[in-house]
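Subject: Structure handover

Dear colleague,

Please find the sequence and structure below. My notes come after it.

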Amino acid sequence: MKKLIRVRTIRNKLTIPNFFLFGLATLILILSVGAVTPLQTNVASSNLELMSNTTNLASIQTKGRLEGLKTQMLNSWQEEARQKGVFQEIPKRFQGVTLNAVKPNNHKKIIALTFDDGPWPKYTEQILDILKANNVKGTFFVIGRNMKNLPEVGKRIVNDGHTIANHTWHHWYHRLSPRVAANEIDATEEIIYKTTGVRTNLFRPPGGVLGNGPAAYARSKNYSVIMWSADSNDYKRPAVPRLLGNVMRNSKPGGIVLMHDGGGDRQSTVQALPEMIKRFKQQGYQFVTIPEMLEIEDKQMQAIAVKLN
Ligand SMILES: [Zn+2]
(Lines give C-alpha, C1' and ligand atoms only; values in the text may rest on other atoms or scores of the structure.)
Protein backbone atom coordinates (compact mmCIF):
# COMPACT_ATOMS: atom_id res chain seq x y z
CA MET A 1 0.00 0.00 0.00
CA LYS A 2 2.80 2.37 0.88
CA LYS A 3 4.23 2.06 -2.63
CA LEU A 4 0.90 2.83 -4.26
CA ILE A 5 0.55 6.03 -2.29
CA ARG A 6 4.11 7.07 -3.00
CA VAL A 7 3.73 6.58 -6.73
CA ARG A 8 0.54 8.64 -6.80
CA THR A 9 2.07 11.47 -4.80
CA ILE A 10 5.04 11.64 -7.10
CA ARG A 11 2.81 11.52 -10.18
CA ASN A 12 0.90 14.58 -9.01
CA LYS A 13 4.07 16.56 -8.58
CA LEU A 14 5.79 15.67 -11.83
CA THR A 15 5.09 16.64 -15.39
CA ILE A 16 4.72 13.89 -17.98
CA PRO A 17 8.30 13.84 -19.33
CA ASN A 18 9.69 14.09 -15.83
CA PHE A 19 7.57 11.24 -14.72
CA PHE A 20 8.79 9.18 -17.65
CA LEU A 21 12.38 9.95 -16.65
CA PHE A 22 11.58 9.04 -13.08
CA GLY A 23 10.09 5.74 -14.24
CA LEU A 24 13.13 5.05 -16.39
CA ALA A 25 15.51 5.81 -13.53
CA THR A 26 13.50 3.57 -11.20
CA LEU A 27 13.52 0.83 -13.84
CA ILE A 28 17.27 1.03 -14.21
CA LEU A 29 17.64 0.89 -10.44
CA ILE A 30 15.34 -2.11 -10.21
CA LEU A 31 17.18 -3.88 -13.03
CA SER A 32 20.58 -3.28 -11.51
CA VAL A 33 19.38 -4.67 -8.20
CA GLY A 34 17.92 -7.62 -10.12
CA ALA A 35 21.22 -8.17 -11.89
CA VAL A 36 23.14 -8.34 -8.63
CA THR A 37 20.60 -10.54 -6.89
CA PRO A 38 18.53 -12.45 -9.43
CA LEU A 39 16.43 -13.64 -6.51
CA GLN A 40 14.93 -10.20 -6.57
CA THR A 41 14.03 -10.28 -10.27
CA ASN A 42 10.49 -11.51 -9.73
CA VAL A 43 9.90 -9.01 -7.00
CA ALA A 44 11.34 -6.30 -9.22
CA SER A 45 9.06 -7.32 -12.08
CA SER A 46 6.00 -7.17 -9.88
CA ASN A 47 7.02 -3.74 -8.64
CA LEU A 48 7.30 -2.69 -12.24
CA GLU A 49 3.88 -4.14 -12.93
CA LEU A 50 2.45 -2.30 -9.94
CA MET A 51 3.90 0.98 -11.12
CA SER A 52 2.60 0.54 -14.65
CA ASN A 53 -0.86 -0.38 -13.45
CA THR A 54 -1.17 2.57 -11.15
CA THR A 55 0.11 5.03 -13.70
CA ASN A 56 -2.59 6.19 -16.04
CA LEU A 57 -0.07 8.35 -17.85
CA ALA A 58 2.10 5.45 -18.91
CA SER A 59 0.59 4.55 -22.26
CA ILE A 60 0.75 1.04 -23.67
CA GLN A 61 3.37 2.32 -26.07
CA THR A 62 5.61 3.51 -23.23
CA LYS A 63 5.05 0.23 -21.47
CA GLY A 64 6.20 -1.58 -24.59
CA ARG A 65 9.31 0.56 -24.80
CA LEU A 66 10.09 -0.06 -21.14
CA GLU A 67 9.63 -3.80 -21.62
CA GLY A 68 11.94 -3.63 -24.62
CA LEU A 69 14.53 -1.78 -22.60
CA LYS A 70 14.18 -4.25 -19.77
CA THR A 71 14.73 -7.21 -22.12
CA GLN A 72 17.70 -5.47 -23.70
CA MET A 73 19.30 -4.81 -20.33
CA LEU A 74 18.67 -8.34 -19.09
CA ASN A 75 20.21 -9.70 -22.29
CA SER A 76 23.31 -7.60 -21.85
CA TRP A 77 23.57 -8.68 -18.22
CA GLN A 78 23.28 -12.31 -19.29
CA GLU A 79 25.92 -11.75 -21.94
CA GLU A 80 28.22 -10.16 -19.37
CA ALA A 81 27.60 -13.06 -16.98
CA ARG A 82 28.39 -15.49 -19.79
CA GLN A 83 31.68 -13.73 -20.47
CA LYS A 84 32.53 -13.74 -16.79
CA GLY A 85 31.84 -17.45 -16.77
CA VAL A 86 28.90 -17.22 -14.36
CA PHE A 87 26.75 -19.25 -16.74
CA GLN A 88 27.86 -22.84 -16.77
CA GLU A 89 27.54 -24.74 -19.96
CA ILE A 90 28.72 -28.30 -19.70
CA PRO A 91 29.49 -29.93 -23.05
CA LYS A 92 26.84 -32.49 -24.03
CA ARG A 93 29.24 -35.43 -23.95
CA PHE A 94 29.86 -34.89 -20.23
CA GLN A 95 26.22 -34.59 -19.23
CA GLY A 96 25.01 -37.61 -17.29
CA VAL A 97 28.51 -39.03 -16.83
CA THR A 98 30.85 -39.51 -13.87
CA LEU A 99 34.51 -38.56 -14.17
CA ASN A 100 37.52 -38.01 -11.92
CA ALA A 101 40.02 -36.46 -14.35
CA VAL A 102 40.55 -35.69 -18.03
CA LYS A 103 43.45 -36.55 -20.33
CA PRO A 104 44.70 -33.39 -21.99
CA ASN A 105 46.61 -33.57 -25.28
CA ASN A 106 50.39 -33.49 -24.98
CA HIS A 107 50.02 -33.70 -21.22
CA LYS A 108 48.95 -30.07 -21.16
CA LYS A 109 49.43 -29.05 -17.57
CA ILE A 110 45.98 -28.10 -16.42
CA ILE A 111 44.71 -28.81 -12.91
CA ALA A 112 41.43 -28.10 -11.10
CA LEU A 113 41.36 -27.17 -7.43
CA THR A 114 38.04 -28.11 -5.83
CA PHE A 115 36.69 -27.23 -2.40
CA ASP A 116 33.81 -29.08 -0.71
CA ASP A 117 31.34 -28.59 2.14
CA GLY A 118 31.16 -24.79 2.29
CA PRO A 119 30.23 -22.06 2.57
CA TRP A 120 31.76 -22.14 6.04
CA PRO A 121 32.51 -19.34 8.50
CA LYS A 122 36.04 -17.92 8.21
CA TYR A 123 37.68 -20.66 6.12
CA THR A 124 35.77 -20.16 2.88
CA GLU A 125 36.64 -16.48 2.84
CA GLN A 126 40.26 -17.14 3.77
CA ILE A 127 40.50 -19.53 0.84
CA LEU A 128 38.80 -17.01 -1.44
CA ASP A 129 41.36 -14.39 -0.34
CA ILE A 130 44.26 -16.70 -1.16
CA LEU A 131 42.82 -17.62 -4.55
CA LYS A 132 42.24 -13.96 -5.34
CA ALA A 133 45.75 -12.93 -4.32
CA ASN A 134 47.15 -15.61 -6.63
CA ASN A 135 44.67 -15.03 -9.44
CA VAL A 136 43.51 -18.65 -9.32
CA LYS A 137 39.98 -19.85 -10.06
CA GLY A 138 38.57 -22.94 -8.39
CA THR A 139 35.38 -24.95 -8.09
CA PHE A 140 33.31 -24.99 -4.91
CA PHE A 141 30.90 -27.86 -4.25
CA VAL A 142 28.57 -26.29 -1.73
CA ILE A 143 26.07 -27.80 0.69
CA GLY A 144 22.54 -26.43 0.31
CA ARG A 145 21.88 -25.75 3.96
CA ASN A 146 25.25 -24.00 4.32
CA MET A 147 24.31 -21.77 1.40
CA LYS A 148 21.14 -20.93 3.25
CA ASN A 149 23.12 -19.98 6.36
CA LEU A 150 25.85 -17.99 4.59
CA PRO A 151 24.39 -16.59 1.38
CA GLU A 152 26.82 -13.68 1.25
CA VAL A 153 29.80 -16.03 1.20
CA GLY A 154 28.05 -18.08 -1.47
CA LYS A 155 27.61 -14.95 -3.56
CA ARG A 156 31.25 -14.04 -3.14
CA ILE A 157 32.32 -17.42 -4.54
CA VAL A 158 30.52 -16.54 -7.77
CA ASN A 159 31.43 -12.85 -7.79
CA ASP A 160 35.10 -13.76 -7.47
CA GLY A 161 34.77 -15.76 -10.68
CA HIS A 162 34.81 -19.28 -9.26
CA THR A 163 32.51 -22.10 -10.24
CA ILE A 164 29.82 -23.07 -7.76
CA ALA A 165 28.41 -26.59 -7.80
CA ASN A 166 26.05 -28.97 -6.03
CA HIS A 167 27.05 -31.14 -3.04
CA THR A 168 23.52 -31.98 -1.73
CA TRP A 169 21.51 -30.28 0.98
CA HIS A 170 22.35 -32.43 4.04
CA HIS A 171 25.57 -34.26 3.10
CA TRP A 172 24.08 -37.64 3.90
CA TYR A 173 25.95 -40.88 3.16
CA HIS A 174 23.18 -43.39 3.78
CA ARG A 175 20.84 -44.90 1.21
CA LEU A 176 18.13 -42.41 0.31
CA SER A 177 14.70 -43.00 -1.16
CA PRO A 178 14.34 -41.68 -4.74
CA ARG A 179 12.17 -38.81 -3.48
CA VAL A 180 14.66 -37.73 -0.80
CA ALA A 181 17.62 -38.14 -3.17
CA ALA A 182 15.89 -35.92 -5.73
CA ASN A 183 15.17 -33.31 -3.11
CA GLU A 184 18.82 -33.28 -1.97
CA ILE A 185 19.85 -32.27 -5.49
CA ASP A 186 16.90 -30.07 -6.46
CA ALA A 187 16.75 -28.01 -3.26
CA THR A 188 20.48 -27.33 -3.46
CA GLU A 189 20.31 -26.44 -7.15
CA GLU A 190 17.50 -24.05 -6.31
CA ILE A 191 19.22 -22.27 -3.43
CA ILE A 192 22.39 -21.85 -5.49
CA TYR A 193 20.28 -20.34 -8.26
CA LYS A 194 18.27 -18.10 -5.97
CA THR A 195 21.36 -16.87 -4.16
CA THR A 196 23.81 -16.45 -7.02
CA GLY A 197 21.87 -16.64 -10.29
CA VAL A 198 23.90 -19.66 -11.35
CA ARG A 199 22.12 -22.80 -12.50
CA THR A 200 24.67 -25.55 -11.91
CA ASN A 201 24.79 -28.99 -13.43
CA LEU A 202 27.92 -30.20 -11.69
CA PHE A 203 27.52 -32.56 -8.78
CA ARG A 204 29.89 -34.18 -6.32
CA PRO A 205 28.46 -36.87 -4.04
CA PRO A 206 29.21 -36.49 -0.31
CA GLY A 207 31.98 -38.87 0.69
CA GLY A 208 32.28 -39.87 -2.96
CA VAL A 209 29.37 -42.28 -2.40
CA LEU A 210 27.93 -43.06 -5.83
CA GLY A 211 25.40 -45.77 -4.97
CA ASN A 212 23.04 -44.19 -2.41
CA GLY A 213 20.68 -42.29 -4.71
CA PRO A 214 21.74 -38.66 -5.30
CA ALA A 215 24.43 -39.42 -7.92
CA ALA A 216 22.02 -41.53 -9.98
CA TYR A 217 19.38 -38.82 -9.79
CA ALA A 218 21.93 -36.15 -10.75
CA ARG A 219 23.00 -38.15 -13.79
CA SER A 220 19.36 -38.57 -14.80
CA LYS A 221 19.14 -34.77 -14.75
CA ASN A 222 22.18 -34.49 -17.05
CA TYR A 223 24.54 -33.40 -14.33
CA SER A 224 28.20 -34.28 -14.65
CA VAL A 225 29.24 -36.15 -11.53
CA ILE A 226 32.70 -34.90 -10.61
CA MET A 227 34.99 -37.07 -8.48
CA TRP A 228 38.71 -36.40 -7.97
CA SER A 229 42.13 -37.80 -8.78
CA ALA A 230 44.19 -36.25 -5.96
CA ASP A 231 42.83 -36.39 -2.42
CA SER A 232 44.46 -33.93 -0.01
CA ASN A 233 42.94 -35.87 2.90
CA ASP A 234 42.63 -32.46 4.50
CA TYR A 235 39.59 -33.55 6.51
CA LYS A 236 42.06 -35.54 8.65
CA ARG A 237 43.78 -32.23 9.42
CA PRO A 238 47.29 -33.35 8.49
CA ALA A 239 50.32 -31.15 9.04
CA VAL A 240 50.93 -28.83 6.08
CA PRO A 241 53.87 -30.78 4.55
CA ARG A 242 51.84 -33.98 4.60
CA LEU A 243 48.82 -32.29 3.02
CA LEU A 244 51.04 -30.84 0.30
CA GLY A 245 52.61 -34.26 -0.26
CA ASN A 246 49.18 -35.89 -0.62
CA VAL A 247 48.25 -33.43 -3.35
CA MET A 248 51.52 -33.04 -5.26
CA ARG A 249 52.31 -36.77 -5.28
CA ASN A 250 48.98 -37.62 -6.90
CA SER A 251 48.66 -34.70 -9.29
CA LYS A 252 48.93 -35.02 -13.04
CA PRO A 253 47.84 -33.02 -16.09
CA GLY A 254 44.04 -33.01 -16.22
CA GLY A 255 43.81 -33.89 -12.54
CA ILE A 256 41.19 -32.80 -10.01
CA VAL A 257 42.34 -31.95 -6.46
CA LEU A 258 39.95 -32.54 -3.56
CA MET A 259 40.05 -30.14 -0.63
CA HIS A 260 37.52 -28.80 1.89
CA ASP A 261 36.66 -25.24 2.80
CA GLY A 262 33.89 -26.32 5.18
CA GLY A 263 32.72 -29.06 7.48
CA GLY A 264 35.16 -28.41 10.34
CA ASP A 265 38.55 -26.97 11.19
CA ARG A 266 40.19 -26.16 7.85
CA GLN A 267 43.33 -24.41 9.09
CA SER A 268 45.59 -27.00 7.46
CA THR A 269 43.99 -26.39 4.09
CA VAL A 270 44.24 -22.61 4.46
CA GLN A 271 47.88 -22.85 5.51
CA ALA A 272 48.87 -25.27 2.75
CA LEU A 273 47.08 -23.54 -0.12
CA PRO A 274 49.54 -20.72 -0.95
CA GLU A 275 52.47 -23.15 -1.08
CA MET A 276 50.43 -25.61 -3.15
CA ILE A 277 49.61 -22.93 -5.70
CA LYS A 278 53.27 -21.89 -5.79
CA ARG A 279 54.46 -25.44 -6.44
CA PHE A 280 51.92 -26.05 -9.19
CA LYS A 281 52.92 -22.79 -10.85
CA GLN A 282 56.61 -23.68 -10.60
CA GLN A 283 55.81 -26.94 -12.38
CA GLY A 284 54.10 -25.00 -15.16
CA TYR A 285 50.52 -25.81 -14.26
CA GLN A 286 47.57 -23.69 -15.25
CA PHE A 287 44.57 -23.65 -12.92
CA VAL A 288 41.16 -24.26 -14.46
CA THR A 289 37.63 -24.58 -13.15
CA ILE A 290 35.78 -27.82 -13.83
CA PRO A 291 33.69 -26.28 -16.66
CA GLU A 292 36.90 -24.95 -18.25
CA MET A 293 38.51 -28.35 -17.95
CA LEU A 294 35.52 -30.04 -19.57
CA GLU A 295 35.51 -27.50 -22.36
CA ILE A 296 39.20 -28.09 -23.12
CA GLU A 297 38.58 -31.84 -23.15
CA ASP A 298 35.50 -31.44 -25.34
CA LYS A 299 37.37 -29.39 -27.98
CA GLN A 300 40.12 -31.96 -28.00
CA MET A 301 37.64 -34.81 -28.54
CA GLN A 302 35.93 -32.84 -31.30
CA ALA A 303 39.30 -32.47 -33.01
CA ILE A 304 39.87 -36.22 -32.75
CA ALA A 305 36.41 -36.86 -34.23
CA VAL A 306 37.20 -34.54 -37.16
CA LYS A 307 40.47 -36.40 -37.79
CA LEU A 308 38.71 -39.78 -37.79
CA ASN A 309 36.14 -38.56 -40.31
ZN1 LIG B 1 31.59 -33.26 1.34
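Predicted model: local features only at pLDDT ≥ 70, side-chain atom pairs only at ≥ 80, totals over all residues.

Residues are numbered from 1 along each chain as its sequence is written.

Confidence. The chain has a mean pLDDT of 82, with 71% of its residues at 70 or more; pLDDT is the predictor's confidence in each residue, from 0 to 100. Over residues 27-59 the pLDDT is below 50, and this stretch has 33 contacts in the model beyond near neighbours in sequence. Residues 1-17 stay under 50 as well, with 13 contacts beyond four places in sequence. Two residues are in contact if their C-beta atoms, placed from the backbone, lie within 7 Å.

Helix α7. Helices (H or I, at least four residues) and strands (E, at least two) are DSSP runs, numbered from the N terminus. In α7 (residues 151-159), the buried residues include Val153, Gly154, Ile157 and Val158. Buried means that 20 or more other C-beta atoms lie within 10 Å of the residue's own; exposed means 12 or fewer, and partly exposed is in between, with C-beta atoms placed from the backbone. Viewed along the axis of α7, its buried residues fall within an arc of 145 degrees, so they line one face of the helix; the arc is that of the directions from the helix axis to the C-beta atoms. They pack against α5 (123-133), β3, α6 (144-149), β4 and α8 (178-196). Gly161 follows α7 and has a positive phi, near 95 degrees.

Strands β3 and β4. Strand β3 (residues 139-142) pairs with β4 in the parallel sense over 4 bridges; pairing requires at least two DSSP bridges between two strands. Thr139 has Thr163 of β4 as its bridge partner. From β4 (residues 163-166), Thr163 and Ala165 point one way and Ile164 and Asn166 the other, and all are buried.

Gly262. This residue sits in the loop between β8 (255-260) and α11 (267-282). Gly262 is buried, with 25 other C-beta atoms within 10 Å. Its C-alpha atom is 4.8 Å from that of Trp120, 142 residues away along the chain.

Regards
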